[in-house]
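Take a moment to look over the sequence and the 3D structure before reading on. The paragraphs below go through the ligands, the helix packing and the backbone.

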Amino acid sequence: MKSLAELQALRDKMKNNMGIRNDDEAKARIVVGMATCGIAAGARPVLAAFTDEVSKRGLNDVAVGQTGCIGICQYEPVAEVFMPGQEKVTYVKMTEEKARRVVAEHIVNGNVVTEYTIGANAK
Amino acid sequence: MYRSHVLICGGTGCTSSGSAQVIDALEKELKKNDLENEIKVIRTGCFGLCALGPIMVVYPEGAFYSMVRPEDIPEIVSEHLLKGRIVKRLLYQETVEADTIKTLDNTDFYRKQMRVALKNCGVIDPENINEYIAYDGYQALGKVLTEMTPAQVIDTIKASGLRGRGGAGFPTGLKWSFAAKYDNDQKYVCCNADEGDPGAFMDRSILEGDPNVLIEAMAIAGYAIGASQGYVYIRAEYPIAVKRLSIAIKEAREMGFLGKDIFGSGFDFDLDIRLGSGAFVCGEETALMTSIEGHRGEPRPRPPFPAEKGLFQKPSVLNNVETYANIPQIILRGAEWFASIGTEKSKGTKVFALGGKINNTGLVEVPMGTTLRTIVEEIGGGIPNGKKFKAAQTGGPSGGCIPAEHLDVPIDYDNLIAIGSMMGSGGLIVMDEDTCMVDIAKFFLEFTVDESCGKCTPCRIGTKRMYELLDKISKGKARMEDLDQLDKLAHYIKENSLCGLGQTAPNPVLSTIRYFRDEYVAHIKDKRCPAGVCKELMNYYIDETKCKGCTLCARNCPVGAISGNVKEPHIINRSKCIKCGACMEKCKFGAIEKH
Ligand SMILES: Cc1cc2nc3c(=O)[nH]c(=O)nc-3n(C[C@H](O)[C@H](O)[C@H](O)COP(=O)(O)O)c2cc1C
Ligand code: SF4
Ligand code: SF4
């Protein structure tokens, strides 16, 4: 170790890897419905795609989690996005590609992908 | 990236309650479910709640599972880790609320605690230096080496008010300034990780949970006093601690936190481990140094003090593990921050190993000045089976007991001395009404008799004589003169022993006489043990009116002391009875009594 700056850079990198162990930090949360209905409809790869995309982009203050049945089984796989200070957004009939787009547009740029939301799909 | 981190306690407490098997089962189950790239398993150090081990915490939810068994793992994996449904049944019950879970910090056990020395224990992976770095590890060393002079470091430690956590409470900054003063080609920094007090395991837990903090702090001490070599003296009976510290030293060398020219400052420092074989006296500073030198661990007279002539006759500093664990944070957060915690003369926090008759046995860290009542009743969750608090022993075999009347005294170095006990290293043993104080005093004296190194007469022979007197009292064979004799002997030993072991050995006796004299008198005059512990002074009886003649007691008596016909009251033959209590435990009708 040659300098304090080098150590600080290393710290920041390592801290990011451990970010999710910090339960009080305000951060975006993506939750995928992983009940039997969700898994049957293909929620596993969706969850994996979220995790992968978040990690690729180094979005270390974003937590990816799972939850039980949200109660709208006909729309599974379902994912909910919680951003600090905003209403929850519910995305339905998710796929891996959709998951990646939600990360890019909603999480990173802050634009809800309206066409995937429950509002746009409930007819 | 892992979407979830599972932390499992790998401290000694949880390891002995089976955490290794739980980790094994978890890793297998994750693999089976194809989750090993999504869920990370981390083996941490102690969380503190040892009574509820093995402990497992799942992030990001922060779900705190207690007493986890390998059989529970499939359910936790399929429900929680796969489907995201927390298995409430297995959570630490206090964290379960109607439909959410409380965070750990809000439970009774943690709410009144303040984690400074234990900051990283149960939070990071102790075998991965990067996790220590993520939590500001080695920042203090970097700051010290690049921005501060040795004198500034010493001044900061002095200003913080930090006092030694190994027992005596000597001001740490002052100690460092003494060693800094002596010029020498070689000086040493040592760490006392001998931890010989029965019931104490604070230092072990820090080593197991956060070994890098010790390395960082010792390097800072080395810079402050001008030493390039350090030794950690640790007992071989702590294999997990030794292993984790060895790994940490290796990683620290690889990353350049130990070795030559650290942080490009020109400062060199390296660290080695020396194993002790578990003699209590080797925790005494001069004996410890003698032992590191490769000789039999016996104390030597002071002066010269170690600051002048310590290890290998060179100026040396010796500090306790917990003392060191405070150093990096004092450097980073400032002396004023540290000095703002605690009481006027005792700053910061203290870690206690809570044991004995208490619900939450484990490790707690509280600000100095917290009352014993808070520790026992709130954090410790009170005394099991609705029994009454009688006393708490602090300072182990060198300390004394604190009776109920002093439950509200703020605990710090000076207050404990004033009430006849001492801080010691932090063992805190809670005793309930079923504890006999004569028996406790005898227990500690037996320990010191065993551990006295024998170099000086007052301690070697004196403690033995004290033990014999206590033994007589506990058997109802003593007279009142013996009590005076005990008192005289105690003061003589305190004043004339060479080292702290002998000087403090009489403390448990003196303090129990001070607060529970009537109990000694009951043993001597009435030949009675009020707590019903001392075997010689009590007998087992069968109450004829309650005995149904079921023969269960007779069948369980190991020495055949009970006789009687079926369906007729039984009797105990007092000359045969060895007072083991087996009959009383077995009797379903409560017909057997002891008094
Ligand atoms: C018999 C005896 C045993 C001791 N055992 C320990 C011990 O296990 N750990 C410890 O840190 N200090 C122990 N001490 C105190 C040390 O001599 C020394 O004061 C202490 O390590 C200094 O560190 P500190 O100033 O950081 O407390 C013991 C003292 C005596 C007399
Ligand atoms: S006081 Fe006891 S332990 Fe200490 S030197 Fe004397 S005999 Fe040894
Ligand atoms: S106390 Fe033990 S030895 Fe005595 S009568 Fe009961 S079982 Fe037998």
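The model in view is a predicted one.

Now turn to ligand 1. How many residues surround ligand 1? There are 18, and the closest of them are B:Gly166, B:Lys175, B:Asn319, B:Asn320 and B:Thr323. By class, this shell around ligand 1 consists of 3 nonpolar, 9 polar and 6 charged residues. Two elements of chain B, strand 9 (316-320) and helix 20 (500-504), each supply at least two residues of the shell. Strand 9 of chain B gives the most, with 3 residues.

Some atoms around ligand 1 can be picked out one by one. A polar backbone atom of B:Gly166 is 2.7 Å from an oxygen atom of ligand 1. In the case of B:Lys175, a polar side-chain atom lies 2.8 Å from an oxygen atom of the ligand. B:Gly196 has a backbone N or O atom 3.3 Å from an oxygen atom of ligand 1. On its own, ligand 1 has 610 Å² of accessible area, and the protein covers 90% of that area.

The next topic is helix packing. Two packed helices are described by the angle between their axes and the distance between the axes. In chain B, helix 10 (residues 211-225) and helix 13 (residues 321-333) have axes that come within 8 Å and cross at roughly 75 degrees. Angles of 65 to 115 degrees count as roughly perpendicular, so helix 10 of chain B and helix 13 of chain B are roughly perpendicular to each other.

Which residues of helix 10 of chain B meet helix 13 of chain B? From helix 10 they are B:Val213, B:Leu214, B:Glu216, B:Ala217, B:Met218, B:Ile220 and B:Ala221. Across from them in helix 13 are B:Val321, B:Tyr324, B:Ala325, B:Ile327, B:Pro328 and B:Ile331. The residues of this contact divide into 12 nonpolar, no polar and 1 charged.

Helix 13 of chain B also packs with helix 7 (residues 150-160) of chain B: their axes come within 10 Å and cross at roughly 100 degrees. Helix 7 of chain B and helix 13 of chain B are therefore roughly perpendicular to each other. Helix 7 makes this contact through B:Val153, B:Thr156, B:Ile157 and B:Ser160, while helix 13 uses B:Ile327, B:Ile330 and B:Ile331. This contact has 5 nonpolar residues, 2 polar and no charged.

Some points of the backbone come next. Most residues other than glycine have a negative phi, and most peptide bonds are trans. In chain B, the peptide bond from B:Arg302 to B:Pro303 is cis, with omega near -5 degrees. The peptide bond from B:Pro303 to B:Pro304 is also cis, with omega near 5 degrees. B:Pro303 lies in the loop between helix 12 (285-292) and strand 9 of chain B, and B:Pro304 has its place in that loop too. B:Lys527 is not a glycine, yet it has a positive phi of about 55 degrees. Where is B:Lys527 placed? B:Lys527 is in the loop between helix 21 (507-524) and strand 15 (540-542) of chain B.

Read along the sequence, the pattern of chain A is α-β-α-α-β-β-β-α-α. The C-alpha trace of chain A spans about 60 × 25 × 25 Å along its principal axes.

Notes: Residues are numbered from 1 along each chain as its sequence is written. Chains are lettered from A and ligands numbered from 1 in the order in which they are written. This is a predicted model: local features need pLDDT of at least 70, side-chain atom pairs count only at pLDDT 80 or more; totals for chains, interfaces and linings use all residues. Side-chain values use heavy atoms; hydrogens and water are left out. A residue is near a molecule or strand if one of its heavy atoms lies within 4 Å of it. A polar contact is a pair of N or O atoms within 3.5 Å; within protein, one must be able to donate a hydrogen and the other to accept it, and residues adjacent in sequence count only if both atoms are side-chain atoms. Accessible areas come from the Shrake-Rupley method with a 1.4 Å probe; for residues, only the protein chains shown count as cover. Helices (H or I, at least four residues) and strands (E, at least two) are DSSP runs, numbered from the N terminus. Ala, Val, Leu, Ile, Met, Phe, Trp, Tyr, Cys and Pro count as nonpolar, Asp, Glu, Lys and Arg as charged, and the others, Gly among them, as polar. Axes are lines fitted to C-alpha atoms, for helices over the stretch in contact, and angles run from 0 to 180 degrees between N-to-C directions. Angles under 35 degrees count as roughly parallel, over 145 as roughly antiparallel, 65 to 115 as roughly perpendicular and the rest as oblique. Contact means heavy atoms within 4.5 Å.
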